[in-house]
Structures are given as C-alpha cells and as structure tokens.
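Dear colleague,

Please find below the structure that I am handing over to you, followed by a summary of what was found in it.

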Amino acid sequence: MSVPQGDFFEKVYQVVKRIPEGRVSTYGVIARLLGSPQSARVVGWALNASHKFSGIPAHRVVNRNGLLTGKHHFKDFDEMRRLLNNEGIQVIDDQIVDFENLLWDPFKESNEY
C-alpha cells in the first residue's frame with residue numbers, strides 16, 4: 001500500500017486504519033512506515049487530534065514498550081483500555097499483555113509496505 005499524498009496527519013490516519021482489530025502498533029512503527037522514522041512524536045500529536053474524526057482506531061497505537069501512553073487523550077482514562085479489551089487485548093497496569101505477539105509491524109510481517 002502506498003501512502004496517499006497530503007498532510008502528515010492524514011497519512012498517519014490512513015496507516016492507523018490498517019491496524020487489524022485485536023492488534024496494536026506503535027508511534028515509531030507508524031513513523032517508519034511513513035518514511036519519517038524520527039517523527040514518532042508527531043504521530044502522537046496526529047492521534048491526539050484524531051478524536052474529532054470517526055473511524056480512526058487511535059486506541060490501537062501504544063508506545064514502543066506497549067504502554068497506553070495516549071490514554072489521557074480519550075474521553076476518560078479507562079476508555080483506551082476498554083476499547084482494547086473489547087478487541088480481545090488484555091491490558092494490566094496500562095501495559096499490553098503479550099505485546100510482542102500483538103504488535104502489527106508490516107515491515108516484519110510481509111512485503112505489504
């Protein structure tokens with residue numbers, strides 16, 4: 001899949017929409033997929049702004065250690081965990097359980113990107 005032309009935030013949203021249900025990715029993986037590996041923080045800013053749009057599963061993006069660092073940008077601190085739990089992802093103390101097996105990284109999984 002090639003990333004569509006347009007502003008960086010829109011490119012982030014297009015990648016995040018590809019994260020399969022029941023999987024998570026990281027800010028860094030998304031930045032790398034967009035060809036800008038030093039832009040993980042900007043990916044976070046894009047996801048913080050994404051809550052005004054529907055259909056962007058921002059809850060599936062965590063930090064490089066599998067921590068729910070973006071949870072304070074949801075309606076309440078527990079919403080991100082609830083959304084992940086609803087997809088079968090277990091979270092304990094804001095940490096994704098079995099993070100390495102749930103990590104969606106197309107660079108490691110296939111030649112999708």
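A pocket is an open set of grid points with protein on both sides within 12 Å along at least five of seven lines. In this predicted model, the largest pocket holds about 270 Å³ of space. Its lining consists of 15 residues, and T26, Y27, G28, N63 and R64 lie nearest the centre. Helix α2 (27-33) contributes to this lining, as does α3, each with at least two residues; α2 gives the most, namely four. By class, the lining has five nonpolar, five polar and five charged residues.

The second largest pocket has a volume of about 220 Å³. Among the residues that line this pocket are S50, H51, F53, F74, K75, E79 and L83. Here the classes are six nonpolar, four polar and two charged residues.

Finally, I turn to helix α4. In α4 (residues 79-86), the residues E79, M80 and L84 are buried. They lie on the same side of α4, because they cover an arc of only 135 degrees around the axis. The buried residues of α4 pack against β2 (61-62), β3 (91-92) and β4 (95-96). After α4 comes G88, which has a positive phi near 90 degrees.

Yours sincerely

How values were computed:
Residues are numbered from 1 along each chain as its sequence is written. This is a predicted model: local features need pLDDT of at least 70, side-chain atom pairs count only at pLDDT 80 or more; totals for chains, interfaces and linings use all residues. Side-chain values use heavy atoms; hydrogens and water are left out. Buried means under 20% relative accessible area, exposed over 50%, partly exposed in between (1.4 Å probe, protein chains only). The arc is that of the directions from the helix axis to the C-beta atoms. Contact means heavy atoms within 4.5 Å. On a 1 Å grid over the protein atoms alone, a cavity is a set of points where a 1.4 Å probe fits but cannot get out, and a pocket is an open set with protein on both sides within 12 Å along at least five of seven lines; lining residues have an atom within 4 Å of a point. Grid points are joined across faces, edges and corners, and a volume is the space filled by probe spheres set on the points. Ala, Val, Leu, Ile, Met, Phe, Trp, Tyr, Cys and Pro count as nonpolar, Asp, Glu, Lys and Arg as charged, and the others, Gly among them, as polar.
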